[in-house]
Amino acid sequence: SSNDLNTEQAHKVKVARRNCKIITRLLTDILDYNKYKNIGKLQINSKNINISDLLQEVKAIMDPIASEKNIKLTVLNHVPDKELLWADPDRLIQVLINLVSNALKHSPEGGEIIVRVSDSGSDFLHFTVSDQGTGISSENIKKIFNPWEQGDGHAGIGLGLAISKILIEEHAGKIGVESSLGEGSIFYFDLPVKPEFRLPNF
């Protein structure tokens, strides 16, 4: 029927858009890596960022892909709305999409990925992306952020985590992972908060 045809066409358009976004992200990673190799830095355009807006944008982009695998994507913001982060929003979205994409590759159907941001009370905001996936061996943890490394037999070009590390370090932050085989993974990064954007303690 025409309704069935329209539904099928809508699905094909949805899949095509998703694939375009995936290809665009891969190309961005490749171009960024080549720039970094050539000049040793990447362009960062920092501005005041509202964390809730940032997380909702990541969720809007990645939710359809997670839903196709029947994986729940949850975002949790424990940072007060008035507290701003001085960073490049496009670059942070790029990092979070890379980390969520990596979690999706390793997660079982019906699992959950949680993106969480918290204020550690120091001069840093703490971001985590946790999954219920296959986990990473201690041997692969040592090289997981190296270019072209995938680790534990997963396919891909292996640049997303390397680019993420470069971008976080360009923000004067730190990135890492906690994981064991069979127990899922928690990727995390810490970004400095400029003192003038920190809420006073009462």
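This is a predicted model: local features need pLDDT of at least 70, side-chain atom pairs count only at pLDDT 80 or more; totals for chains, interfaces and linings use all residues.
Q: What percentage of the contacts between residues at least 6 apart in sequence join residues at least 24 apart?
A: Now for the inside of the chain. Of the 202 residues, 41% are buried. Among contacts between residues at least 6 apart in sequence, the part joining residues at least 24 apart is 72%.

Q: At roughly what angle do the axes of helix H3 and helix H5 cross?
A: Two packed helices are described by the angle and the distance between their axes. Helix H3 covers residues 89-106 and helix H5 covers residues 160-170. H3 passes H5 in a left-handed crossing. Their axes come within 9 Å and cross at roughly 145 degrees.

Q: How many nonpolar, polar and charged residues are in the contact of H3 with H5?
A: Look at who meets whom. On the H3 side are Arg 91, Leu 92, Gln 94, Val 95, Asn 98, Leu 99 and Asn 102, and they meet residues of H5 including Leu 161, Ile 163 and Leu 167. Sorted by class, the contact has seven nonpolar, five polar and one charged residues.

Q: Is Asn 102 buried or exposed?
A: Asn 102 lies in helix H3. Leaving aside neighbours within four places in sequence, Asn 102 is in contact with Leu 161 and Phe 187. Its relative accessible area is 11%, and a residue under 20% counts as buried. Therefore Asn 102 is buried.

Q: Why does Ser 179 count as buried?
A: Ser 179 sits in strand E6, which spans residues 174-179. Not counting residues up to four places away in sequence, Ser 179 touches Gly 135, Ile 136, Ile 141, Gly 184 and Ser 185. The cut-off for buried is under 20% relative accessible area. Ser 179 counts as buried because its relative accessibility is 16%.

Q: Which residue's side chain is joined to that of Ser 179 by a polar contact of 2.8 Å?
A: The side chain of Ser 179 has a polar atom 2.9 Å from the backbone oxygen of Gly 184. That distance involves a backbone atom of Gly 184, whereas we want a link between side chains. The polar contact of 2.8 Å joins the side chain of Ser 179 to that of Ser 185.

Note on methods:
Residues are numbered from 1 along each chain as its sequence is written. Side-chain values use heavy atoms; hydrogens and water are left out. Helices (H or I, at least four residues) and strands (E, at least two) are DSSP runs, numbered from the N terminus. Buried means under 20% relative accessible area, exposed over 50%, partly exposed in between (1.4 Å probe, protein chains only). A polar contact is a pair of N or O atoms within 3.5 Å; within protein, one must be able to donate a hydrogen and the other to accept it, and residues adjacent in sequence count only if both atoms are side-chain atoms. Contact means heavy atoms within 4.5 Å. Axes are lines fitted to C-alpha atoms, for helices over the stretch in contact, and angles run from 0 to 180 degrees between N-to-C directions. A crossing is left-handed if the near helix is turned anticlockwise from the far one by less than a right angle, and right-handed if clockwise. Ala, Val, Leu, Ile, Met, Phe, Trp, Tyr, Cys and Pro count as nonpolar, Asp, Glu, Lys and Arg as charged, and the others, Gly among them, as polar.
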